[in-house]
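Here is my note on this structure. Please read it with the model open beside you.

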Amino acid sequence: MRTACERRVVLSPEAPQQLRVAEQPLAQVAGRLADPQQPAGGGVAAAATLALAAATAELVATLSLRRKSVQPRRAELEEIRHRLVDLQARFLAAADEDIAVLSDLLAAQRAARPATDAAPDAQRAAKEALERSLTLAAETPIALAQDGLALLRLVLATVPFAARFTVSDLGAAAGLAQGAIEAALLMSEVNVGLLTDAARADELRTAVDQIRQEAPELARQALDLTRAKMSGKPMEEGTRGDRA
């Protein structure tokens, strides 16, 4: 069964240039999201939110590296920080990918509209192209959500290193990540429901369900550990977060 959703954006020649979210001020990104003429929506918002969540977690990791108590495990925390930086780049790239995928899907939908003068072969080709675009539009948010799970695991792994004052930022990162993951899954579901390939649709629904089960639990653990550390309570053994 093929359930993994690796990023693999293949665009039609008609797809417009990507908006390069990483190169724009936040206010401009928000303005584009609100503009009906722009091919952007919940997927871009989810990716951008995950990038901000990862940056927040990186902040805590960077500050924690200065702590004397962390020095015996410095290499471990440096690896976590490195992976958080990598995830930020992936999330920003995912925002651009979402724009490109949506642009391609909109073009495919227009091309597949019934036309009385269209040849049967052309109509069939347009429908096949639409199915490919819908599949990619369903797979891309799942890949984003899977990276979101990786972020939640890294947040969990960072909590033991954080100071009582900065650990709240990790809780914020976990809450943002959970919301963004759910947003990404909704973007996938709307396209899964339009697929004519029932087998692939079932595979994607299974992937969505698995992520939807795992993400809230990871976020809950991170938030529970954050609150415990904020209150000064010692963390129990076995609840210190997985090394993602």
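1. Helix α2 passes helix α5 in a left-handed crossing. The contact of α2 with α5 counts 13 nonpolar, four polar and one charged residues. Please keep in mind throughout that this is a predicted model.

2. Geometry of that pair. Helix α2 covers residues 42-64, and its axis runs 8 Å from that of α5. The angle between α2 and α5 is about 160°. An angle over 145 degrees counts as roughly antiparallel, and α2 and α5 are therefore roughly antiparallel to each other.

3. Who touches whom? On the α2 side, the contact residues are Gly42, Gly43, Ala46, Thr49, Leu50, Ala53, Thr56, Ala57 and Val60. They meet Asp169, Leu170, Ala173, Leu176, Ala177, Ala180, Ala183, Ala184 and Met187 in α5.

4. The next pair is α5 with α6. Their axes lie 9 Å apart, at an angle of about 165°. That angle makes α5 roughly antiparallel to α6. The crossing of α5 past α6 is left-handed.

5. Overall layout. The chain has six helices and zero strands. From the N terminus, the order of elements is α-α-α-α-α-α. Of the 244 residues in the chain, 44% are buried. How far apart in sequence are the residues that contacts join? Taking contacts between residues at least 6 apart in sequence, 81% join residues at least 24 apart.

6. Now the charged pairs. Side chains of opposite charge can pair when their charged atoms come close. How many salt bridges does the count come to? The count is 14 salt bridges.

7. Which side chain does Arg153 meet in a salt bridge? The partner is Glu214, with N to O at 2.6 Å. Arg153 sits in helix α4 (residues 120-158) and Glu214 in helix α6 (residues 198-231), so this pair ties together parts 61 residues apart in sequence. Arg153 is partly exposed, at 24% relative accessible area. Glu214 is partly exposed as well, at 31% relative accessibility.

8. A second bridge joins Glu189 and Arg212. Their closest N and O atoms are 3.0 Å apart. Glu189 belongs to helix α5 (residues 167-192) and Arg212 to helix α6, 23 residues apart, so the pair links distant parts of the chain. Is Glu189 buried or partly exposed? Glu189 counts as partly exposed, at 33% relative accessibility. Arg212 is partly exposed too, with a relative accessible area of 25%.

9. A bridge within one helix. Asp224 forms a salt bridge with Arg227, and the closest N and O atoms are 3.9 Å apart. The salt-bridge cut-off is 4 Å. Asp224 and Arg227 are three residues apart in helix α6, so about one helical turn separates them. Asp224 is partly exposed, with a relative accessible area of 36%.

10. Which residues are linked with Asp224 and Arg227 in a network of salt bridges? Glu217 and Arg220 are. I would view these four side chains together.

11. Ser133 lies in helix α4. Its relative accessible area is 6%, and buried means under 20%, so Ser133 is buried. Leaving out residues up to four places away in sequence, Ser133 touches Asp104, Leu105 and Ala108.

12. Last, a position in helix α5. Glu182 is found there. Glu182 is partly exposed, with a relative accessible area of 30%. Along the chain, Glu182 and Gly148 are 34 residues apart. Their C-alpha atoms are separated by 9.7 Å.

Key:
Residues numbered from 1 in each chain as written. Predicted model: local features only at pLDDT ≥ 70, side-chain atom pairs only at ≥ 80, totals over all residues. Heavy atoms only, no water. Helix = DSSP H or I, 4+ residues; strand = E, 2+ residues; numbered from the N terminus. Buried < 20%, exposed > 50% of the residue type's maximum accessible area, 1.4 Å probe, protein only. Axes fitted to C-alpha atoms, helices over the stretch in contact; angles between N-to-C directions. Parallel < 35°, antiparallel > 145°, perpendicular 65-115°, else oblique. Left-handed = near helix turned anticlockwise from the far one by under 90°. Contact = heavy atoms within 4.5 Å. Nonpolar A, V, L, I, M, F, W, Y, C, P; charged D, E, K, R; others polar.
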